[in-house]
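Here are my notes on this model, point by point. Please read them with the structure open.

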Amino acid sequence: MGAAVESKYVKSGLTLQEAIDIKEKIRHAFEYDKIYKSNTLCLNDLSTYINKDRYKVSQVLNEYLSKNFYALINQYRIDEAKDLLLNHPFLSVKAVMYEVGFNSKTSFYSAFKKETGVSPNDFRSLTGSFASWFYPKKVSSIFRFSGLVDHTRLMRIAYGSTAKG
């Protein structure tokens with residue numbers, strides 16, 4: 001983002017302390033209040049919710065979190081979707097999609113695949129056979145090991161790293 005971001009915000013007046021405060025309020029709004037579940041959430045809504053200037057919120061997202069608003073929302077939504085797909089096997093993928101704040105199957109599948117490298121259905125299938133090793137009380141009676149699986153890849157998918165390795 002570099003120089004383009006710096007020149008865009010050169011006159012914003014955002015102090016380091018303000019940025020830290022905004023960053024913490026954003027984190028709280030997403031992690032505890034889970035505002036990302038609203039399928040109509042926009043930058044103005046977030047700014048109003050945390051009672052901060054929209055332009056300064058945008059600056060914090062871009063400069064301090066290195067994400068735009070929609071990338072941040074999708075990150076939280078997909079993390080929640082992965083948890084629901086893994087721990088609630090009887091919820092349909094469509095139900096999960098709506099629960100986490102998406103209102104379009106295309107957007108959900110695209111964001112999910114971008115974040116994990118696989119579709120939501122494939123994630124559930126792959127992690128389901130692997131999950132019983134880590135969550136025996138939750139899933140051992142539901143899932144059965146269904147064949148050879150690349151467990152290293154599953155760990156990366158389940159816990160957020162999509163890097164090849």
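1. Angles under 35 degrees count as roughly parallel, over 145 as roughly antiparallel, 65 to 115 as roughly perpendicular and the rest as oblique. Axes are lines fitted to C-alpha atoms, for helices over the stretch in contact, and angles run from 0 to 180 degrees between N-to-C directions. Helices (H or I, at least four residues) are DSSP runs, numbered from the N terminus.

2. On provenance: this is a predicted model, where local features need pLDDT of at least 70, side-chain atom pairs count only at pLDDT 80 or more, and totals for chains, interfaces and linings use all residues. Residues are numbered from 1 along each chain as its sequence is written, and side-chain values use heavy atoms, with hydrogens and water left out.

3. Start with α2 and helix α4 (residues 54-64). Their axes come within 10 Å and cross at roughly 90°. α2 and α4 are therefore roughly perpendicular to each other. On the α2 side, Leu16, Glu18, Ala19, Ile22, Lys23 and Ile26 take part; they meet Lys56, Val57, Val60, Leu61 and Tyr64 of α4. Contact means heavy atoms within 4.5 Å. By class, the α2 and α4 contact has eight nonpolar residues, no polar and three charged. (Ala, Val, Leu, Ile, Met, Phe, Trp, Tyr, Cys and Pro count as nonpolar, Asp, Glu, Lys and Arg as charged, and the others, Gly among them, as polar.)

4. Next, helix α2 (residues 16-31) against helix α3 (residues 43-50). The axes come within 10 Å and cross at roughly 105°. That makes α2 roughly perpendicular to α3. From α2 come Ile22, Lys25, Ile26, Ala29 and Phe30; from α3, Leu46, Tyr49 and Ile50. This contact of α2 with α3 holds seven nonpolar residues, no polar and one charged.

5. Look at serine 47, which sits in helix α3. Is serine 47 buried or exposed? Serine 47 is buried, at a relative accessible area of 4%. (Buried means under 20% relative accessible area, exposed over 50%, partly exposed in between, with a 1.4 Å probe and protein chains only.) Not counting residues up to four places away in sequence, serine 47 touches Lys52, Asp53, Arg54 and Val57.

6. Now α5 and α7. Their axes come within 10 Å and cross at roughly 85°. These helices, α5 and α7, are therefore roughly perpendicular to each other. Asn74, Gln75, Ile78, Ala81, Lys82 and Leu85 of α5 make the contact with Phe108, Ala111, Phe112, Glu115 and Thr116 of α7. The contact of α5 with α7 divides into six nonpolar residues, three polar and two charged.

7. Phenylalanine 112 lies in helix α7. Its relative accessibility is 0%, so phenylalanine 112 counts as buried. Beyond four places in sequence, phenylalanine 112 is in contact with residues including Ile78, Ala81, Lys82, Leu85, Pro120 and Phe123.

8. Last, the largest pocket. About 170 Å³ of space lies in it. The lining includes Asn39, Tyr70, Asn74, Arg77, Phe102 and Ala111. α5 (69-87) and α7 (105-116) each supply at least two lining residues. The largest share, four residues, comes from α5. The lining divides into five nonpolar, six polar and one charged. (On a 1 Å grid over the protein atoms alone, a pocket is an open set of points where a 1.4 Å probe fits, with protein on both sides within 12 Å along at least five of seven lines; lining residues have an atom within 4 Å of a point. A volume is the space filled by probe spheres set on the points.)
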